[in-house]
Amino acid sequence: MVSTALTYPPATLPLKLRMRFLWNRMLRFAALSKDEEATSSYALEHEFKELIDIENATISRICFSYSNTVDEFEDLRQDAIINIWRGMSGFRGESSSKTWIYRVTVNSCLSTIRKQSRHKHESLDGLYELIDSDDSDKEAIEELHRVINTLDPEEKAIIMMWLDELSYDEIGTAMGLNRNTIATRIRRIKEKITKAYKKEEII
C-alpha cells in the first residue's frame with residue numbers, strides 16, 4: 001500500500017499573486033489600518049495563505065495525478081493556486097474546505113488540460129523525483145500513477161478523491177454529481193484499474 005505520508009515540494013505563490021498581496025499591504029499601510037476594504041483584503045489574504053499551507057499536499061497530489069512532466073506539475077499547481085485565490089471570496093463554507101479545494105483544483109486542471117492539449121506520452125521519470133519518500137513507496141507510486149494515467153480526466157478526479165478517503169457525498173459535491181452516480185462511476189473505475197494492472201502483469 002502506498003504511504004499517505006508523502007511530502008511534495010512546497011507550493012510557491014505565483015508572481016501575480018505576490019505582487020497583488022504586496023499592493024494590498026501598501027494600501028493597508030497607507031490607510032493606517034483604518035480603511036475597511038484594505039483590512040478585509042488583508043484578512044482574506046491571510047486566510048488564503050493558511051489554506052494553501054494546510055492543503056498543499058491535496059493540491060499537489062491532484063496536480064501530480066494530471067501531470068506527465070515536472071513543468072506540467074508546476075504549471076497546473078500555479079494555475080490551481082490562482083483559481084483558489086479567485087474563488088476565496090465566494091467560498092461560504094457550505095462544504096468542507098478540503099472538498100472545495102478538490103473542486104477548484106480539479107476544475108482548474110481539467111480546464112488547463114483542455115486548453116493546452118496536455119497528456120502527451122512523455123517520460124514520467126523526472127516527475128517521481130519530486131516526492132520525498134523511500135524507494136519502495138516510489139515504486140508503488142509510479143505503478144499507481146501509470147495505471148491512473150490511463151483513465152480519463154474526470155475518472156482521475158473521482159478515484160483520487162476516493163483514494164483520499166472522501167465520502168461519496170463529498171465526491172459528489174466536488175464533481176456536481178449525485179451519490180448514486182458516484183458509486184456507479186467508482187465501481188467502473190475500479191474495474192478499469194484492475195484490468196490495467198492485469199495487463200501490466202502480462203506485459
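Author: The largest nonpolar core has 45 residues, and F48, Y66, I84, V106, M161, I171 and M175 have the most contacts inside it. This is a predicted model, in which local features need pLDDT of at least 70 and side-chain atom pairs count only at pLDDT 80 or more, whereas totals for chains, interfaces and linings use all residues. Residues are numbered from 1 along each chain as its sequence is written, and side-chain values use heavy atoms, with hydrogens and water left out.

Reader: What makes a set of residues a nonpolar core?

Author: The set consists of buried Ala, Val, Leu, Ile, Met, Phe, Trp, Tyr and Cys residues joined through side-chain atoms within 4.5 Å. Buried means under 20% relative accessible area, exposed means over 50%, and partly exposed lies in between (1.4 Å probe, protein chains only). In soluble globular proteins, nonpolar side chains tend to be buried together. One of the core residues with the most contacts is V106; leaving aside neighbours within four places in sequence, V106 is in contact (heavy atoms within 4.5 Å) with I62, Y66, A157 and M175.

Reader: What is the mean pLDDT of the chain?

Author: The mean pLDDT, the predictor's confidence in each residue on a scale from 0 to 100, is 77 for the chain, and 71% of the residues reach 70 or more. Helices here are DSSP runs (H or I, at least four residues), numbered from the N terminus.

Reader: Why is helix 3 called largely enclosed by the rest of the structure?

Author: Helix 3 is so described because 9 of its 10 residues are buried. The buried residues are N56, T58, I59, S60, R61, I62, C63, F64 and S65.

Reader: Why is S65 called buried?

Author: S65 has 3% relative accessibility and therefore counts as buried. S65 is found in helix 3, which spans residues 56-65. Beyond residues up to four places away in sequence, S65 touches H145, N149, K156 and M160. A polar atom of the S65 side chain also lies 2.6 Å from the backbone oxygen of I62.

Reader: What makes the pair of D164 and R61 a salt bridge?

Author: A salt bridge is a side-chain nitrogen of Lys or Arg within 4 Å of a carboxyl oxygen of Asp or Glu. The closest N and O atoms of D164 and R61 are 2.8 Å apart, and the pair forms a salt bridge. D164 lies in the loop between helix 8 (153-163) and helix 9 (168-175) and R61 in helix 3, so the pair ties together parts that are 103 residues apart in sequence. D164 and R61 are both buried.

Reader: How many salt bridges does the structure hold, and what is the accessibility of E155 and K192?

Author: The structure holds 7 salt bridges. E155 and K192 form one of them, with the closest N and O atoms 2.8 Å apart. The pair links distant parts of the chain, with E155 in helix 8 and K192 in helix 10 (residues 179-202), 37 residues apart. At 13% relative accessibility, E155 is classed as buried, while K192, at 42%, is classed as partly exposed.

Reader: Why is the pair of D169 and R179 said to tie parts together?

Author: The side chains of D169 and R179 meet in a salt bridge of 3.5 Å, N to O. D169 lies in helix 9 and R179 in helix 10, so this pair ties together parts that are 10 residues apart in sequence. D169 is partly exposed at 48%, and R179 is partly exposed at 45%.

Reader: Why is E165 called exposed?

Author: E165 has 71% relative accessibility and therefore counts as exposed. E165 is placed in the loop between helix 8 and helix 9. E165 also has a positive phi of about 65 degrees, although it is not a glycine. Most residues other than glycine have a negative phi.

How values were computed:
Helix = DSSP H or I, 4+ residues; strand = E, 2+ residues; numbered from the N terminus. Polar contact = N/O pair within 3.5 Å; in protein donor to acceptor, adjacent residues only side chain to side chain.
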